[in-house]
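These are my notebook entries on one structure, kept in the order in which I looked things up. The sequence and the model are shown first.

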Amino acid sequence: MNEKIRKHIEALTTGRKFYSPEEIKASKRKLPLTQVMKHVGDAAFASEKSIASPFHPSERPLFKLYRTRWGIRFTCCNKCGYEGDQIDYLKARFQLSTGEAIALFCRFAGIK
Ligand SMILES: [Zn+2]
């Protein structure tokens, strides 16, 4: 994990912890999953073709992005079961609780 992200995650213990559904919705519109991945240094994994997992070692290509009418989502393998949206990505990537991942995501989207 790079220094910038580590500091962001450390900062989750201070400041605002709760974000409204409207703020989360606005953040999702503003910052699609591919942008979140770039933000945390995972641009290399932002692919619609199956590639190695950003979450765990994988010999086979397991991870990929796909488009839905609600935005871009990701899926990994049956073993880890990781899948979902921007918030699910941050949870899985940095082992955060749902609340921490929401706070980190909304801060990335510029909501203080
Ligand atoms: Zn997996």
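**Entry 1: Ile-5**

I looked up Ile-5 and found it partly exposed, with 17 other C-beta atoms within 10 Å. For this I used C-beta atoms placed from the backbone: a residue is buried if 20 or more others lie within 10 Å of its own, exposed if 12 or fewer, and partly exposed in between. The model is a predicted one, in which local features need pLDDT of at least 70 and side-chain atom pairs count only at pLDDT 80 or more, while totals for chains, interfaces and linings use all residues. Residues are numbered from 1 along each chain as its sequence is written.

I placed Ile-5 in helix 1 (residues 3-10). Helices (H or I, at least four residues) and strands (E, at least two) are DSSP runs, numbered from the N terminus. I then noted that Ile-5 and Val-40 are separated by 35 residues in sequence, with their C-alpha atoms 6.6 Å apart in space.

**Entry 2: Arg-60**

I found Arg-60 in the loop between helix 3 and strand 1. Arg-60 counts as exposed, with 9 C-beta neighbours inside 10 Å. From Arg-60 to Arg-6 I noted 54 residues in sequence and 29 Å in space, C-alpha to C-alpha.

Three of them form an open sheet in the order 1-2-3, with antiparallel pairing. Strand 1 (64-68) and strand 3 are the edge strands, each pairing on one side only. Two strands pair if DSSP finds at least two bridges between them.

I found that strand 1 pairs with strand 2 in the antiparallel sense over five bridges, and that a hairpin of two residues joins strand 1 to strand 2. Thr-68 has Gly-71 of strand 2 as its bridge partner, and Leu-65 has Phe-74 of strand 2. Strand 2 and strand 3 run antiparallel and are joined by two bridges. On that side, Phe-74 has Gly-84 of strand 3 as a bridge partner.

**Entry 3: helix 4 and what follows**

How many of the nine residues of helix 4 are buried? I recorded seven, so helix 4 is largely enclosed by the rest of the structure. The buried residues are Gln-86, Ile-87, Tyr-89, Leu-90, Lys-91, Ala-92 and Arg-93. Their cover includes helix 2, helix 3 (33-39), strand 2 (71-75), strand 3 (83-84) and helix 5. Here two residues are in contact if their C-beta atoms, placed from the backbone, lie within 7 Å.

After helix 4 comes Gln-95, which I found in the loop between helix 4 and helix 5. The phi of Gln-95 is near 50°, a positive value in a residue other than glycine. Gln-95 is exposed, with 11 other C-beta atoms within 10 Å.

**Entry 4: helix 4 against helix 5**

Two packed helices are described by the angle between their axes and the distance between the axes. I read an angle of about 115° for helix 4 (residues 86-94) and helix 5 (residues 98-108), whose axes are 9 Å apart. The axes are lines fitted to C-alpha atoms, for helices over the stretch in contact, and angles run from 0 to 180 degrees between N-to-C directions.

The crossing of helix 4 and helix 5 is right-handed. Helix 4 contributes Gln-86, Ile-87, Leu-90 and Lys-91 to the contact, and helix 5 contributes Thr-98, Ala-101, Ile-102, Leu-104 and Phe-105. I sorted the residues of this contact into six nonpolar, two polar and one charged. Ala, Val, Leu, Ile, Met, Phe, Trp, Tyr, Cys and Pro count as nonpolar, Asp, Glu, Lys and Arg as charged, and the others, Gly among them, as polar.

**Entry 5: helix 2 against helix 5**

I found that the axes of helix 2 (residues 21-30) and helix 5 come within 9 Å and cross at roughly 55°. The two helices are therefore oblique to each other. Angles under 35 degrees count as roughly parallel, over 145 as roughly antiparallel, 65 to 115 as roughly perpendicular and the rest as oblique.

Helix 2 passes helix 5 in a left-handed crossing. A crossing is left-handed if the near helix is turned anticlockwise from the far one by less than a right angle, and right-handed if clockwise. Glu-23, Ile-24 and Ser-27 of helix 2 meet Ile-102, Phe-105 and Cys-106 of helix 5 in this contact. Its residues divide into four nonpolar, one polar and one charged.
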